[in-house]
Amino acid sequence: MTTPRIVITGLGLVTSLGTGRTAWHALLEGRSGLSPVESFDTSNHSVDLGGEIKGFDGASACRRVAPQSVGRAGRLAIAAARQAADDAGLMAGDALATRWAPERVGVAMGTTSGEPGHVERFDDHWLAGTLARDEGALAWLYPCHTIAAHIAEELDAAGPNAMLPAACAAGNYAIGYAFDALRERRADVMLAGGADAFSRITYTGFARLGAIAPERCQPFDRGRRGMVPGEAAAVLVLEREDDARRRGAEPIAEVAGYGLSCDAHHMTAAHPEGDGAARAMREALRHARIDADAVQYVSAHGTGTPTNDKLETRAVRTVFGQRRVPVSSVKSMIGHTMGAASAVESAVCALAVAEGRIPPTINFEEPDPDCDLDCVPNTARELPVRVAMNNAYAFGGNNASVLFRRID
Amino acid sequence: MSSASLRNPSRDGRRRVVITAVGSLSALGDDEAFGHGLAQGTSGLGPLTAFDLAVAAERGADVAGCRQPQAGEVDFDPRRDLGAANVRPIDRTGRLVAAAAGRALRARGWSADDLQALEIGLVLGTMYGSVHTISAFDRRGLEAGPKYVKPLDFANSVINAAAGQTAIWHGLCGPNSTVAGGLTAGLQALGLATELVRGGRAAALLAGGSDELCLESYVAFVQAGLVAGTSTGAHGDAPRALPFDARRDGFVPAEAAALFLLEDAEGAGARGAHVLGEIVGHACVFDPRRGRDPERAAATLRRAISDALADAALDASALDDGAIDVVSSGASGSRVVDSAEAHGLAKALGRHAAEIPILAVKAQVGEPLGAGGALQTAALLEVLRRGVVPAIHGFETADSGAPDLCRPTTSLELPPRETVRRGLVTSLGLDGHAAALVFETLDRAPRPRGDAP
């Protein structure tokens with residue numbers, strides 16, 4: 001039996017630059033979705049820049065799930081999942097079309113923090129002496145597996161249901177999980193992606209590490225001063241290609257393979273030689289049976305912190321040698337959306353191979369000899385990309401690379 | 001069992017996945033104490049000492065119904081398990097996982113060089129990671145100001161912190177994945193790890209689950225009405241974990257870490273491993289009604305079981321041939337979940353339901369959340385090895401209307417087998433997940449001396 005090809009048949013994006021293809025076009029235009037934080041008081045911080053999705057409520061996307069039982073990350077996830085399901089033609093109105101047995105539709109999602117808003121509420125009650133009003137939310141509403149569960153409840157997906165909290169590489173882990181579930185025929189359709197909500201806890205942590213850029217995010221620039229926390233959700237609908245063709249769906253791109261590795265070096269700092277990052281890239285290439293020379297675009301982890309971008313450059317050069325493969329970071333525009341980031345960037349790679357356009361790294365002014373890459377500065381590029389690679393690195397040394405190929 | 005039993009390293013063209021070591025810490029103690037306590041019918045549960053619920057009551061928590069709080073605590077000295085090195089950067093969940101991993105790796109006899117050469121992976125199931133670490137970090141920011149939060153706490157605030165810290169501690173460079181799935185996380189992790197070995201992504205992986213006992217989750221469980229003794233306000237006797245029993249009124253919160261070393265059978269044979277058993281099938285499915293409809297919940301568990309049996313190339317008729325010797329169930333004393341689990345097992349096992357003995361280890365170790373499925377698997381391994389199924393601790397009478405299942409009230413000896421012994425592990429979550437795993441010993445396990453016959 002030949003190994004089935006896995007294709008993307010739908011995309012859903014909820015970002016600070018809008019939703020769906022609107023977000024994609026804003027990324028190509030090089031717009032910034034960053035703005036001063038409004039959802040909590042930042043007066044005790046020395047920074048206030050964030051990637052909040054202003055005005056997002058998400059209650060309207062919850063048509064089966066009671067919205068009051070869903071945290072912000074879950075609402076972002078449901079909104080992205082509904083979009084992706086509509087985009088793929090899975091839905092008949094609000095419900096999964098009868099073509100699919102619910103048992104054959106699964107969900108795999110990644111996150112960094114799950115629903116930290118529920119911990120924040122618990123802590124506010126703790127300080128106010130009103131814990132009784134929390135009513136066990138940490139048991140019922142907080143655990144991060146509820147994100148994948150809410151999507152499944154909303155779309156009636158009764159197949160495999162997995163939540164992979166691999167921090168800032170989580171979206172890629174979820175896509176890898178879905179890829180294997182389809183290849184092993186544990187499901188016929190998988191919705192896979194990532195979601196994270198803007199949170200006081202996350203913002204405070206990165207601020208304490210001194211990692212947040214004060215004015216803008218400048219990956220690979222010599223003057224880069226840090227990352228910017230953001231929020232987003234992205235969901236990809238994956239199917240086996242023969243199934244998708246049989247129902248007349250137009251695949252957007254192929255997921256060609258993925259690779260995982262662990263630095264086993266430091267919780268918050270990358271390996272000094274980019275060792276784990278390079279191993280994840282090579283594992284993905286080995287798994288997809290694609291030569292490094294065939295990769296024409298790399299969506300970088302590219303957070304904009306001095307260390308990440310330097311070590312990532314080293315890892316990319318280790319794998320691709322002296323060849324100047326275009327490497328860009330959409331985090332320059334929407335910030336670091338945590339567990340959603342690599343899912344958003346996977347959608348970017350899928351659209352890049354589908355349309356032959358690469359989004360830029362914005363705010364680029366001065367080259368850094370430590371980041372000697374073609375970072376597609378400031379302006380999107382037309383380039384017939386056949387193979388794209390999406391890299392993601394996380395706290396805990398969790399690395400994941402996913403490869404995308406054009407449908408020819 | 002020896003490597004000689006690994007004559008056929010693949011099954012239906014797939015790599016076979018064997019278990020070659022175990023490391024666990026639970027309320028019954030570490031590995032040997034766990035097996036012994038399980039067989040002797042010891043309870044690892046006792047009065048909660050890890051923290052004082054009165055602190056939460058002062059903060060306005062409604063914990064008055066919990067008069068004699070019980071817990072399944074791990075008696076754990078990190079120095080004993082993790083040596084003299086600095087454990088300060090690691091929170092309790094992480095320390096439990098690192099300690100369990102160390103036990104499994106030592107049992108396998110691997111050196112640091114071996115570990116590096118093999119690029120060992122880790123797949124960890126957890127419900128919370130550490131909600132205590134996250135909450136403490138946030139409260140410090142609120143009380144002292146954001147500049148006074150601790151960077152170490154922030155590093156551990158990610159849900160994959162325990163897996164990352166354990167990889168650093170032991171130098172595990174292979175695929176490293178954390179799986180959240182509520183009470184089913186441990187079985188989900190074993191399932192994902194099985195797929196990673198079958199797919200050739202790792203020659204060896206540690207896989208299992210862990211959660212810690214902490215004030216934040218304990219208070220939440222009490223306020224959610226899930227804890228034994230809370231709803232009835234038990235007078236007199238301390239509340240107990242009573243899986244499947246008509247008197248049950250909740251679970252006893254617990255902590256644990258349990259990890260298995262999984263290897264591809266061929267590699268394990270070449271490396272001279274002592275094989276403890278084989279994971280032959282697994283499945284994880286979901287109930288979009290989120291467990292609110294008891295019949296649907298039971299049907300979802302049945303589906304997980306039949307999918308796992310199918311993954312093990314066993315069909316319904318295999319049950320007629322005695323394919324399953326024992327079931328290691330996730331029943332914990334929960335009113336709702338135990339009932340759905342009983343009905344799901346009855347549906348899945350059909351007319352053999354009354355014959356196949358059921359283990360309910362949570363009666364003795366409490367509800368260790370993400371570690372549950374892994375501890376259930378450890379219990380199954382012990383039972384298959386010893387050939388004796390212990391009584392369900394404390395079990396007397398099932399609900400009226402409960403299905404006819406074999407819930408032992410005295411220990412039962414498994415009939416002799418000339419071929420494999422096989423067990424099923426089942427896990428039903430609080431809000432929709434169901435998972436199952438099929439495990440077998442490769443041939444008839446030699447019984448330890450002294451056990452009859």
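**Entry 1: two helices in chain B**

H1 spans residues 31-40 of chain B and H16 residues 372-386 of chain B, and they pack at about 70° with axes 10 Å apart. I noted that axes are lines fitted to C-alpha atoms, for helices over the stretch in contact, with angles from 0 to 180 degrees between N-to-C directions. Helices (H or I, at least four residues) and strands (E, at least two) are DSSP runs numbered from the N terminus.

Before going on, I wrote down that this is a predicted model, where local features need pLDDT of at least 70, side-chain atom pairs count only at pLDDT 80 or more, and totals for chains, interfaces and linings use all residues. Residues are numbered from 1 along each chain as its sequence is written, and chains are lettered from A and ligands numbered from 1 in the order in which they are written.

Which residues of H1(B) and H16(B) make the contact? I found B:Phe34, B:Gly35, B:Leu38 and B:Ala39 on H1(B), and B:Ala378, B:Ala379, B:Glu382 and B:Arg386 on H16(B). Contact here means C-beta atoms, placed from the backbone, within 7 Å. I get five nonpolar, one polar and two charged residues (Ala, Val, Leu, Ile, Met, Phe, Trp, Tyr, Cys and Pro are nonpolar, Asp, Glu, Lys and Arg charged, the others, Gly among them, polar).

**Entry 2: another pair**

Next I looked at H12 (residues 294-311) and H14 (residues 335-349) of chain B, whose axes come within 8 Å and cross at roughly 50°. That angle makes H12(B) oblique to H14(B). Among the residues that meet are B:Leu301 and B:Ile305 in H12(B), and B:His343 and B:Lys347 in H14(B). By class, this contact has eight nonpolar, four polar and three charged residues.

**Entry 3: where the chains touch**

I then checked the contact between the chains, which takes 66 residues from chain A and 65 from chain B. On the chain A side, H3(A) gives the largest share, eight residues. That side has 34 nonpolar, 21 polar and eleven charged residues.

**Entry 4: confidence**

For the complex, the predictor gives an ipTM of 0.97 and a pTM of 0.96.

Methods
Contact = placed C-beta atoms within 7 Å. Parallel < 35°, antiparallel > 145°, perpendicular 65-115°, else oblique.
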